[in-house]
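Colleague: Before I rely on any of the terms used for this protein, I would like to go through them one by one and hear what stands behind each. Could we look at the structure together?

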Amino acid sequence: MTPLSKNSPSSLRPSEKVQQFFFDHLLKAYAGTEKRLPTIKDVSSHLGVSTSTTQAVFAQLAKEGHIIMVPGRGTFVGDCHQQAAKAPALQHVISVAIHEPELMQHQITWGKEICAGILREVTNTSPKMVIRPFFVDKQGSDDESLRNEAAESSAAIVFPDTSSANVARAFRQQGKAVIYITPPSLTATRGFVSPNYLRANSSLAQIWKQLGKKHIVLLLHNSIALSATCASATAGFFEALYPLGYSANEAVKLSYHTFTDAIPDGIPDYLESLFAGGVRPDAIYSTGDGLAEAAVEWLLARNISIPDEVSVVGGTGLHRPSDISARIACTTLQQPFDEIGREAVRMAVKLISDPDQPQPGVYIDARFCLGQTTTEEENRLLQRQEDTASPDIL
């Protein structure tokens, strides 16, 4: 005996009414419990059918194992349904694709912090999820490894590196969800979690413009200069400084330069050339703490006052200890590591539950950690900006 399809009660025969009542109501209410089912007399009275009809249906249900009739005790939901109700829910595996060659570099702090947020979210709120790290090389591992990983997983969380495209492709080919840490492209609107660099840097640029800064310098990492993240960061400055489009006659000059290394040797030469020019920079923003500290070191060596003559803001918040940070605490734009990881898991859960409803990208506000490389007035305005910030969902 199998459940009937939904029909109007008036179109059902008496025996069908009893059958449908059992599968639609009694089974849902009593499976997984030790409570007795209503008596045959009670069910007959409730449905307006004869007791003989109800008894015949219950006998068939018992024969098929749906119910157990215990003389002197009553009728109970059968073992097959009890076991299904008490069995643990199926666990979903989320693969976290990590670029193995970068594990020993300091940038992995960024990945570790986000992975910690992923684990906390799974542990605290998603007991049906299992996280499994998946190590890949620059090419994204061989095709067979990727296919096997995708076959055994329900979703992938992918970090931005050269392997991400191959990993994402392998999972999508098997209909599995993919969540990116930061947008995979400039035009991406779905399935990613990212710091809101555009809003934060737009606010910073507006503050510097308001306080009369004349020349702002952007120091960029080559590794992220080509990414959507860096584009978002620099776009924030352009949006605030040149709201009507770029003009050579703008009051605030904006210079920027890309460096290959995290702590490049080229920063002294670059800054030397800028300060030797007609307009001396009075504000420096970098997309990495290492770049900011290299700039601070050069400024201090030249006896240029920080922040009175030049304000400096770093851009990753990786908390890297150094001799420079011991002498002067740098103001940094802190990435929301924990919340990025947590939101990636939430997005994965939603996509696993409803793959036909792609999740919009989420920008989470990056907040400034105030230090001594910005003035009290800058810090006050930056704090006000933080107090009014909120996440953006595309």
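Modeller: Gladly, and please keep in mind that this is a predicted model. We can begin with the second largest pocket, whose lining divides into six nonpolar, four polar and three charged residues.

Colleague: Which residues of that lining lie nearest the centre of the second largest pocket, and about how much space lies in it?

Modeller: The lining is made up of 13 residues, and nearest the centre lie Lys 176, Ala 177, Val 178, Leu 351 and Pro 355. The space in this pocket is about 280 Å³. Strand E6 and helix H14 (337–353) each contribute at least two residues to the lining.

Colleague: What makes E6 a mostly covered strand?

Modeller: E6 covers residues 177–181, and five of its five residues are buried, where buried means under 20% relative accessible area. Ala 177, Ile 179 and Ile 181 point one way, Val 178 and Tyr 180 point the other way, and all of them are buried. That arrangement can be set beside a general rule, for in a regular strand the side chains alternate between the two faces of the sheet.

Colleague: How do you know that E6 pairs with E5 and with E7, and in which sense?

Modeller: Two strands count as paired if at least two bridges are found between them. Strand E5 (residues 155–158) and E6 have four bridges, in the parallel sense, and one of the contacts places Ile 157 with Ile 179 of E6 as its bridge partner. E6 and strand E7 (residues 192–195) have two bridges, again described as parallel, and here Tyr 180 stands opposite Phe 192 in E7.

Colleague: Why is Thr 182 called buried, and what is said about its phi?

Modeller: Thr 182 lies in the loop between E6 and E7. Its relative accessibility is 6%, so Thr 182 counts as buried, given that the limit is under 20%. Its phi is near 75°, a positive value in a residue other than glycine. As background, most residues other than glycine have a negative phi.

Colleague: What makes the bond between Ile 306 and Pro 307 a cis peptide bond?

Modeller: The omega of the bond that joins Ile 306 and Pro 307 is about 5°, and the bond is cis. Pro 307 is placed in the loop between helix H12 (289–301) and strand E11 (311–314). In general, most peptide bonds are trans.

Colleague: What makes E9 and E14 the edge strands of the six-stranded open sheet?

Modeller: The order in that sheet is E9-E8-E10-E11-E12-E14, and the pairing is mixed. Strand E9 (253–259) and strand E14 (367–369) are the edge strands, each of them pairing on one side only. Neighbouring strands of the sheet are turned against each other by 20° on average, with direction ignored. At the E14 end, strand E12 (residues 331–334) and E14 pair in the antiparallel sense over three bridges, and Leu 333 stands opposite Phe 368 in E14.

Colleague: Why are Ile 284 and Gly 371 called buried?

Modeller: Ile 284, found in strand E10 (residues 283–286), has a relative accessible area of 0% and is therefore buried. Ile 284 and Val 313 are 29 residues apart in sequence, while their C-alpha atoms are 6.3 Å apart in space. Gly 371, in the loop between E14 and helix H15 (376–387), has a relative accessible area of 14%, so Gly 371 is buried as well. Gly 371 and Cys 330 are 41 residues apart in sequence and 5.1 Å apart in space, C-alpha to C-alpha.

How values were computed. Residues are numbered from 1 along each chain as its sequence is written. This is a predicted model: local features need pLDDT of at least 70, side-chain atom pairs count only at pLDDT 80 or more; totals for chains, interfaces and linings use all residues. Side-chain values use heavy atoms; hydrogens and water are left out. Buried means under 20% relative accessible area, exposed over 50%, partly exposed in between (1.4 Å probe, protein chains only). On a 1 Å grid over the protein atoms alone, a cavity is a set of points where a 1.4 Å probe fits but cannot get out, and a pocket is an open set with protein on both sides within 12 Å along at least five of seven lines; lining residues have an atom within 4 Å of a point. Grid points are joined across faces, edges and corners, and a volume is the space filled by probe spheres set on the points. Ala, Val, Leu, Ile, Met, Phe, Trp, Tyr, Cys and Pro count as nonpolar, Asp, Glu, Lys and Arg as charged, and the others, Gly among them, as polar. Axes are lines fitted to C-alpha atoms, for helices over the stretch in contact, and angles run from 0 to 180 degrees between N-to-C directions.
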